[in-house]
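This report goes through one protein structure, from the overall layout to single residues. The sequence and the structure come first.

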Amino acid sequence: MAQDMFIYPTKGQSQEKQDKDRYECHTWAVKQTGFDPSNPQAGIANAPGPQPYQSSQPHVLKGAGRGAALGAVGGAITGNAGKGAAAGAAMGGLAGGFKRRDEKVNQANQQQVSAQSAQQSRHTAYQRAVAACLEGRGYTVK
C-alpha cells in the first residue's frame, strides 16, 4: 500500500490502531481512485484497449505509383519503359510496405507509453488519497 510513504503516528496510536487505519485508508483510497496497488491490472479493464492500426496513407499504393513513374522514366532512357515501370512499381510498393510497418510499430509504442503514464497517474492519485486519509486520522505522512 504505502511502499513509498513514511507514516508516523503523531497521536501515539497503538500498532493495532495503525493497522486498522492503514487498512481503512487503503480501502477508501481504492474507492476514490479506482486504483488498487495490490492488483494494479484491475482498473485497466475500464480503460480503452489498444486501438487497431489505421494507416494515415495507403503507403504501398503510393510507393508503387511513385516507383512506377520513376521506373518508366528510367526504362525509357534504356529503351523499355514498361519493364522499368514494373520494376519501379515493385520496389516502390516494397518501400511503402516498410513505411506502413514502421508506422504500425510507432503507434504500438505510443499506446504503451500512454498506458504506462495513465498507470503512474492512477498510482500517484492513490498515494495522495491514502496520505489525505491518514493525515485526517492524526498521522504525519511523507
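## Overall layout

Accessible areas come from the Shrake-Rupley method with a 1.4 Å probe. On that basis, the accessible surface of the protein is about 9500 Å², and carbon and sulfur atoms account for 57% of that surface. The model is a predicted one, and the values below are computed from it.

The protein contains three helices and two strands. Along the sequence these elements follow the pattern β-α-α-α-β. Of the 142 residues, 25% count as buried. Among contacts between residues at least 6 apart in sequence, 78% join residues at least 24 apart.

## The largest nonpolar core

In soluble globular proteins, nonpolar side chains tend to be buried together. Here the largest nonpolar core has 13 residues, and the members that touch the most others are Met5, Ile7, Val130, Leu134 and Val141. Three elements supply at least two residues each to this core: helix 1 (15-33), helix 3 (81-136) and strand 2 (139-141). Helix 3 gives the most, with six residues.

Leu134 can be followed in detail. Leaving aside residues up to four places away in sequence, Leu134 touches Ile7, Asp21, Arg22, Cys25, Tyr139 and Val141. Two of these contacts, Asp21 and Cys25, come up again below: Asp21 takes part in a salt bridge with Lys17, and Cys25 takes part in a disulfide with Cys133.

## The disulfide

A disulfide is a covalent bond between the sulfur atoms of two cysteines. The count for this model comes to one disulfide. Cys25 and Cys133 form this link, with their sulfur atoms 2.1 Å apart. The link is left-handed, with -70° about the S-S bond.

Which parts of the chain does the pair of Cys25 and Cys133 tie together? Cys25 lies in helix 1 and Cys133 lies in helix 3, so the link ties together parts that are 108 residues apart in sequence. Residues under 20% relative accessible area are called buried. Cys25 is therefore buried, at 0% relative accessibility, and Cys133 is buried as well, at 12%.

## Salt bridges

Side chains of opposite charge can pair when their charged atoms come close. The count in this model comes to four salt bridges. One of them joins Lys17 to Asp21, where the closest N and O atoms are 3.0 Å apart. Both residues lie in helix 1, four residues apart, which is about one turn of the helix. Asp21, by contrast, counts as buried because its relative accessibility is 0%.

Glu24 forms a salt bridge with Lys20, the closest N and O atoms being 3.4 Å apart. Glu24 and Lys20 also lie in helix 1, four residues apart, or about one turn of the helix. Glu24 counts as partly exposed at 28% relative accessibility, and Lys20 counts as partly exposed at 47%. Glu24 forms another salt bridge with Arg137, and there the closest N and O atoms are 2.6 Å apart. This pair links distant parts of the chain, since Glu24 is in helix 1 and Arg137 is in the loop between helix 3 and strand 2, 113 residues apart. Arg137 counts as partly exposed, at 31% relative accessibility. Through shared partners, salt bridges join Lys17, Lys20, Asp21, Glu24 and Arg137 into one network.

Where is Gln13 found? Gln13 is in the loop between strand 1 (7-9) and helix 1. Gln13 has 12% relative accessibility and so counts as buried. The side chain of Gln13 reaches the backbone oxygen of Gly138 at 3.1 Å.

Not counting residues up to four places away in sequence, Gln13 touches Gln18, Arg137, Gly138 and Tyr139.

Note on methods:
Residues numbered from 1 in each chain as written. Predicted model: local features only at pLDDT ≥ 70, side-chain atom pairs only at ≥ 80, totals over all residues. Heavy atoms only, no water. Core = buried A, V, L, I, M, F, W, Y, C linked by side-chain atoms within 4.5 Å. Buried < 20%, exposed > 50% of the residue type's maximum accessible area, 1.4 Å probe, protein only. Contact = heavy atoms within 4.5 Å. Salt bridge = Lys/Arg side-chain N within 4 Å of Asp/Glu carboxyl O. Polar contact = N/O pair within 3.5 Å; in protein donor to acceptor, adjacent residues only side chain to side chain. Disulfide = S-S within 2.5 Å.
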